Amino acid sequence: MLFVPDAMAMARGHDGTTDAVIAAGAKGGIYLDPVTVMSAVASVTERLRLGCTLSTSFVPAYDIARRVATLHQLSGGPAAWNIVTSAYDYEAQNMGLPGLEPRADRYHKADKVTQEVLDVWQTFPDDALWVDTETGRFADPTRIQPTNHGIGPLTVPGDVEGHRPMLLQAGASPTGLDFAAR
Ligand SMILES: Cc1cc2nc3c(=O)[nH]c(=O)nc-3n(C[C@H](O)[C@H](O)[C@H](O)COP(=O)(O)O)c2cc1C
């Protein structure tokens, strides 16, 4: 498994600025978009499984579901989603928010978003595709439907041969461990 960590902001040094990180080329200075990077890697590897990080604090469920499912399809699966809740106010500020929500609230949202992502992946099962060139029938509309909450259907199959993408999670706090265990 190869996965790319990510943050939505350049790291800060002890002085609260990005200066030292930039000057030294330190960790956290450069973050390429993980899904784009992994999509490029997918074209040159057959054996590596590919994972990417997307934050439930900033990215809506449909967007996460679609981007990870796209990587899942491009790589032939299974791709993995590293679920993070993000850790710094300056990430939130880059996303147009005043700051991060408290940890408990972030994990509460992570629960909701993760369930939505799992549900959205199911809105387009890959075996609903007919791709029948003789009859011109593309897919079964009865099986490609929105979630009960009205999200979707996804614009790409959420699974490859019946298997959805994998989930990764590395929470360390009691709340994070509880979320990861579920
Ligand atoms: C191997 C590993 C990879 C991680 N990758 C990321 C990441 O890419 N982006 C991120 O915001 N946090 C990342 N984290 C942080 C965790 O998601 C988590 O926030 C952290 O371990 C603190 O736990 P807590 O959220 O329960 O306090 C990573 C942690 C570990 C151990």
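1. UniProt annotations may be inferred rather than shown by experiment. With that caveat, the unreviewed UniProt entry places a "domain: Luciferase-like" feature at residues 29-182. The end C-alpha atoms of that span lie 33 Å apart, and its content is 37% helix and 14% strand.

2. The model is predicted. The protein contains 6 helices and 6 strands, and from the N terminus on these run β-α-α-β-α-β-α-α-β-β-β-α.

3. On overall dimensions, the C-alpha trace spans about 65 × 35 × 30 Å along its principal axes. Of the 182 residues in the protein, 28% are buried. Among contacts between residues at least 6 apart in sequence, 70% join residues at least 24 apart.

4. Helix α3 covers residues 61-75, 15 residues in total, and its first and last C-alpha atoms are 21 Å apart, close to the 21 Å expected at 1.5 Å a residue. Just after α3, G76 adopts a positive phi of about 80°.

5. The buried residues of α3 are A61, I64, A65, R66, R67, V68, A69, L71, H72 and S75.

6. The ligand has 16 residues around it, of which P5, A170, G171, S173 and G176 come nearest. Strand β3 (80-84) and helix α6 (174-181) are the elements that give two or more residues to this shell. By class, the shell divides into 8 polar, 6 nonpolar and 2 charged residues.

Key
Residues are numbered from 1 along each chain as its sequence is written. This is a predicted model: local features need pLDDT of at least 70, side-chain atom pairs count only at pLDDT 80 or more; totals for chains, interfaces and linings use all residues. A residue is near a molecule or strand if its C-beta atom, placed from the backbone, lies within 6 Å of it. Helices (H or I, at least four residues) and strands (E, at least two) are DSSP runs, numbered from the N terminus. Ala, Val, Leu, Ile, Met, Phe, Trp, Tyr, Cys and Pro count as nonpolar, Asp, Glu, Lys and Arg as charged, and the others, Gly among them, as polar. The expected span of a helix is 1.5 Å times one less than its number of residues. A residue is buried if 20 or more other C-beta atoms lie within 10 Å of its own, exposed if 12 or fewer, and partly exposed in between; C-beta atoms are placed from the backbone. Two residues are in contact if their C-beta atoms, placed from the backbone, lie within 7 Å.
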